[in-house]
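Please open the model in your viewer and keep the sequence panel beside it. The tour below moves from one selection to the next and says what is found at each stop.

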Amino acid sequence: MNPTLSRFGNRAKREVIHRFPPATWYADARRAARVERHRPLLPPLEAAQRAQVRLLQEHGLVGAPWHYLGLPGTHDLQDLLLQLAGVLADRSPGGSHSVLLGRDETLEDIRLWQWGLQPEVLDLVENHLGVPVRYFGPLVHREVADGRVVDTRQWHRDIEDLRMLKVLVYLDDVEEDGGPFTYVPRRTSAAAARELRYVGGFVGDARFSEVVPPSLWRPVTGPRWTAAMPDTARIFHRAAPPIARDRYSVTFTWMTRHPLATIRSAPWRPDQVRRCVAGLDARQRTALPVSMRVS
């Protein structure tokens, strides 16, 4: 499909769902039915992870040192992620506000891509979403300290789904002038969305501050390996524009298998797919995006 037509179709679908009450009720009812059908099949969690799911559903975000989340393999990836941050540091931004690691570079050590498919990770995400999971992999990137308020540095909610989950990990120390992930808790976000009649897109600081006072904006700051685990479909958030120094991070993303919007990405080459699926079991393979699924 033509990307422009895809974006138009996605927005039109969201407009109908959010602005036409019967469509809203129908979408909510379909999601509720899927969640109820899947409830007996949800994998069991340890007490700490159950507490994280409760906090996510109440507040919209869990923040902690990455290893405190109780998910395996975090220490194993630290040296690799610092090397990748070094690759980005040596790369000229070419006038862009962000620098992204390419797919082939991300796949050089497959442990990074497969981290989000570990059974313990899928169990946690599935319990939050309430239904089976779709995993979209990691994004390693650098936010350039240019102070520009552009793109995802503006307030928004992710509109691809009714619920999502991300794990964002800082690869260096991040203070308030270093571009922290900044958010508004779930209930305040829901009230703001109603007042803004929000369907999608970006909201500038001036308009957003009329609805949510800056005293309620919550930056996630901390030393290297600080992690934020937000449901970015349910909370307003942004990457605050870094001023003092560039910000380096990795973000892993999961959604449901029945999203509201079409997710487009560059086509996967067969050799890339083979690397990603090596050693995966049936559950992990069914969590892959449809565009890279193999039998």
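**A tour of the sheet, a helix and the cores**

Begin by selecting strand 1 and strand 7 (residues 226–230), which pair in the antiparallel sense over five bridges; two strands count as paired if DSSP finds at least two bridges between them, and helices (H or I, at least four residues) and strands (E, at least two) are DSSP runs, numbered from the N terminus. Within this pairing, look for Pro65, which stands opposite Thr226 in strand 7.

Before going on, note that this is a predicted model, in which local features need pLDDT of at least 70 and side-chain atom pairs count only at pLDDT 80 or more, while totals for chains, interfaces and linings use all residues. Residues are numbered from 1 along each chain as its sequence is written, and side-chain values use heavy atoms, with hydrogens and water left out.

Now widen the selection to the open sheet, where six strands follow the order 1-7-4-9-3-2 with antiparallel pairing. Its edge strands, each pairing on one side only, are strand 1 (61–65) and strand 2 (98–100).

Next select helix 4 (residues 78–89), which lies across strand 2, strand 3 (133–143) and strand 9 (247–256) and runs at about 50° to strand 3; axes are lines fitted to C-alpha atoms, for helices over the stretch in contact, and angles run from 0 to 180 degrees between N-to-C directions. Which residues of helix 4 are buried? They are Gln78, Leu80, Leu81, Leu84, Ala85 and Leu88, where buried means under 20% relative accessible area, exposed over 50%, and partly exposed in between (1.4 Å probe, protein chains only). Seen down the axis of helix 4, these buried residues fall within an arc of 155°, so they line one face of the helix; the arc is that of the directions from the helix axis to the C-beta atoms. The face turned away from the buried side of helix 4 carries the exposed residues Asp79 and Gln83.

Move on to Gln52, found in helix 3 (residues 47–59), which counts as buried because its relative accessibility is 8%.

Finally, colour the largest nonpolar core, which has 51 residues, with Trp66 and Leu81 among those with the most contacts inside it; such a core is a set of buried Ala, Val, Leu, Ile, Met, Phe, Trp, Tyr and Cys residues joined through side-chain atoms within 4.5 Å. Apart from it lies another core, of twelve residues, including Trp155 and Tyr198.

Definitions and conventions
Contact means heavy atoms within 4.5 Å.
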